Amino acid sequence: MCHSEDELIGAFDSVKRLGASNFADDGVFLEKFIARARHIEVQVFADGKGNALALGERDCSSQRRNQKVVEECPAPNLSDAVRSEFHATAEKLLSSVSYRNAGTVEFIYDADSHQFYFLEVNTRLQVEHGVTEEVFGVDLVEWMVRLAAGEELELNARRANLAPKGHSIQVRLYAEDPFRDFQPCPACSAKWPFRPVTASASTTGSSPGWRYRPTSTRCWPRSSVHAEDRAAALSKLQDTLDATRLYGSETNLDYLRALTRDPALLAGEVHPLPQ
């Protein structure tokens with residue numbers, strides 16, 4: 001990372017020498033560094049005929065080692081103009097290739113300049129799609145099945161009736177020890193005697209006595225909440241995590257309890273620190 005012209009000149013020459021020595025290629029890439037980056041992704045559904053419909057966006061900025069930990073819909077601290085531009089850009093991209101399926105267009109958002117940059121397209125339904133479904137009152141899996149069966153989904157007609165309601169947040173529980181650099185912690189069995197604090201709190205992937213196998217992913221169930229606004233959703237999520245009990249393995253549960261009370265997350269301003 002270069003902060004001045006002098007640093008750029010020195011680093012440029014150094015990188016050229018290293019490239020020529022190690023790879024027989026002294027080509028150099030320059031990339032814009034974004035000091036306060038947020039990870040914003042747009043949920044899109046397209047019918048393969050050039051019609052694409054954006055169903056809001058999710059903020060997935062809370063990550064650890066490039067793995068999402070907290071996802072929420074809608075993304076906080078976005079102006080209506082920027083939000084609309086996100087949606088229009090994602091729709092235009094997938095329409096241009098006659099995409100057919102649910103998909104996610106991911107972006108890096110510069111919290112200082114309010115500009116965003118294309119990151120990638122996930123050509124599938126991501127696990128955090130549930131928060132979008134809760135906010136928009138849709139069933140994306142049903143849409144995928146109906147599309148695969150050859151039905152006309154009339155996406156343009158659906159657009160007129162599409163309106164977000166409330167706020168939804170999801171967290172991911174991992175079988176890992178935050179006090180040992182988040183090392184994986186497989187166990188023979190684990191109990192999750194979880195009962196939702198309210199009917200709006202839901203979980204996936206576990207039941208009491210559920211077994212965690214060392215050969216499986218360390219990602220445990222996901223818990224999501226929905227409420228009338230972001231403040232209420234955060235409060236409900238904190239209550240849900242406080243009521244959750246896990247046994248048989250170290251997990252990131254305490255880490256999540258602390259994270260959901262962190263001032264940066266509460267303000268909707270999570271972003272990686274410059275290295």
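This is a predicted model: local features need pLDDT of at least 70, side-chain atom pairs count only at pLDDT 80 or more; totals for chains, interfaces and linings use all residues.

1. A cavity here is a set of points on a 1 Å grid where a 1.4 Å probe fits but cannot get out. By this rule the count comes to one cavity of 30 Å³ or more.

2. The volume of the largest cavity is about 80 Å³. Its lining consists of Arg-38, Asp-59, Ser-61, Ser-62, Val-70, Glu-72, Pro-76, Arg-230, Leu-265, Gly-268, Glu-269 and Val-270. Two elements, β2 (52-64) and β3 (67-73), each give two or more residues to this lining. The largest share, three residues, belongs to β2. By residue class, the lining holds five charged, four nonpolar and three polar residues.

3. Is Glu-41 buried or exposed? Glu-41 sits in strand β1 (residues 37-47) and is buried, because its relative accessibility is 0%, where the cut-off for buried is under 20%. The side chain of Glu-41 makes a polar contact of 2.7 Å with the side chain of Lys-68. With neighbours within four places in sequence left aside, the contacts of Glu-41 are Glu-57, Arg-58, Cys-60, Lys-68, Thr-104, Val-105, Glu-106, Gln-126 and Glu-128.

4. How many disulfides does the structure contain? A search of the whole structure gives zero. Cys-60 is in none, and the nearest cysteine sulfur, that of Cys-73, lies 9.7 Å away; a disulfide would need the two sulfur atoms within 2.5 Å. Cys-60 is buried, since its relative accessibility is 0%. Cys-2 has 36% relative accessibility and therefore counts as partly exposed.

5. Some backbone geometry deserves a check. Most residues other than glycine have a negative phi, and most peptide bonds are trans. The bond joining Cys-73 and Pro-74 is a cis peptide bond, with omega about -5°. Pro-74 is placed in the loop between β3 and α2 (80-96).

6. Ser-98 has a positive phi, near 50°, and is not a glycine. Ser-98 belongs to the loop between α2 and β4 (100-110). With 39% relative accessibility, Ser-98 counts as partly exposed.

7. Asn-101 also has a positive phi, about 155°, although it is not a glycine. Asn-101 is in strand β4. Its relative accessible area is 19%, so Asn-101 is classed as buried; the cut-off is under 20%.

8. Arg-100 is likewise in strand β4. Arg-100 is partly exposed because its relative accessible area is 47%, and the class of exposed begins over 50%. A polar atom of the Arg-100 side chain lies 2.8 Å from the backbone oxygen of Leu-147. Not counting residues up to four places away in sequence, Arg-100 touches Ala-46, Asp-47, Gly-48, Leu-147 and Ala-148.

How values were computed:
Residues are numbered from 1 along each chain as its sequence is written. Side-chain values use heavy atoms; hydrogens and water are left out. On a 1 Å grid over the protein atoms alone, a cavity is a set of points where a 1.4 Å probe fits but cannot get out, and a pocket is an open set with protein on both sides within 12 Å along at least five of seven lines; lining residues have an atom within 4 Å of a point. Grid points are joined across faces, edges and corners, and a volume is the space filled by probe spheres set on the points. Helices (H or I, at least four residues) and strands (E, at least two) are DSSP runs, numbered from the N terminus. Ala, Val, Leu, Ile, Met, Phe, Trp, Tyr, Cys and Pro count as nonpolar, Asp, Glu, Lys and Arg as charged, and the others, Gly among them, as polar. Buried means under 20% relative accessible area, exposed over 50%, partly exposed in between (1.4 Å probe, protein chains only). A polar contact is a pair of N or O atoms within 3.5 Å; within protein, one must be able to donate a hydrogen and the other to accept it, and residues adjacent in sequence count only if both atoms are side-chain atoms. Contact means heavy atoms within 4.5 Å.
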